[in-house]
Amino acid sequence: MNRRFALMIDPVTADEQRADYGDTFTHVDAAAPALSVGELSTQRGDGVFESIGVIDGHAQEVVPHLERLAHSARLCDLPAPNLAQWRQAIDQAADECGEGEAVIKLILSRGVEHGPTPTAWVTAAPAADFHAVRANGVRVVTLDRGYDLGAAERAPWLLLGAKTLSYAVNMAALREAHRRDADDAIFLSSDGFVLEAPTASLILRFGDRFVTPAPNGGILHGTTQLSVYEHLAARGFEVGYDRIPASDLPRADAAWLVSSVRLATAISAVDGAPLPVDQPLTDELNTYLLSPRD
Ligand code: PLP
């Protein structure tokens, strides 16, 4: 795929059933103006989104992404998305993606200030090239996220666990990682537990057991992590969710960052200390993640 475009969606209510939602989509070139002045997504980051990997025109794991979009919308008091309408928009965009790796983003914003409806659209674009990091791994640093594991439950208005458009903090953490001569970051809770990366979930291996931070601690429940767990469980490995103290991180037998477009990248160092890399398993995970998944 080598061009970018968007489908603007005229959102219908969640319970409106139609055989075809095609007349609610408007195709726009990515360079064309599409949003109104006063859009709350651009003014306040007030909205939610999803990024879906597309392999050779096949959108991966659409249902888990739609379910998370609906979950994020609920946490943000946004109108419930009509999942059949979004599904058709994704299918239409994926059909135009062609060969290679692409990314479809779903964006649901609170809309224009004082406007009657949310604003909704999907974008399609070529994926960044992740071949090198899938093959070579990434060096990470740990960074304080500034809240403890109880914050999500204690302070739901922080919207922890929702995939909101407010990613300025996540991007700042990546810049800080680069300043510290690393490729990526792992957030730690202020009470010393491992959370997630700014744009990925974390999976650790201890012997034949794989563990990831429990999603109720204020992190996103990753669709890729769920897929990887399905694959590992089918291979006979034990998989689980836990509170993982930061002190466990350097003791792992292997670790990965996983997300929908990068897929699986091995972590080769944490805070400057090398971590063992299991490249054969990384390659196996990526072969699996690149296969069509629904
Ligand atoms: N955690 C955060 C903060 C993310 O932004 C992402 C993806 O962008 C993930 C985890 C991984 O989610 P998924 O595997 O569904 O892409």
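**Ground rules.** I number residues from 1 along each chain as its sequence is written. As the model is predicted, I take local features at pLDDT of at least 70 and side-chain atom pairs at pLDDT 80 or more, while totals for chains, interfaces and linings use all residues.

**Entry: the ligand.** I looked up which residues come nearest to the ligand, and found Gly 222, Thr 223, Thr 224, Ser 259 and Ser 260 among the 14 around it. I call a residue near if its C-beta atom, placed from the backbone, lies within 6 Å of the molecule. Then I asked which elements give two or more residues to this shell: they are α7 (223-234) and β12 (254-259). Helices (H or I, at least four residues) and strands (E, at least two) are DSSP runs, numbered from the N terminus. With three residues, α7 has the largest share of the shell. I sorted the shell by class and got nine polar, four nonpolar and one charged residues; Gly counts as polar here.

**Entry: the domains.** The domain assignment, automatic or from a database, gives me domain 1 (5-126) and domain 2 (131-290). Their C-alpha centres lie 26 Å apart. I find 19 residues of domain 1 and 13 residues of domain 2 in the contact, which I take as C-beta atoms, placed from the backbone, within 7 Å. On the domain 1 side, β3 (47-55) and α2 (62-75) each supply at least two residues. I note that β3 brings the largest share of that side, eight residues. By class, that side has eight nonpolar, eight polar and three charged residues.

Methods:
Two residues are in contact if their C-beta atoms, placed from the backbone, lie within 7 Å.
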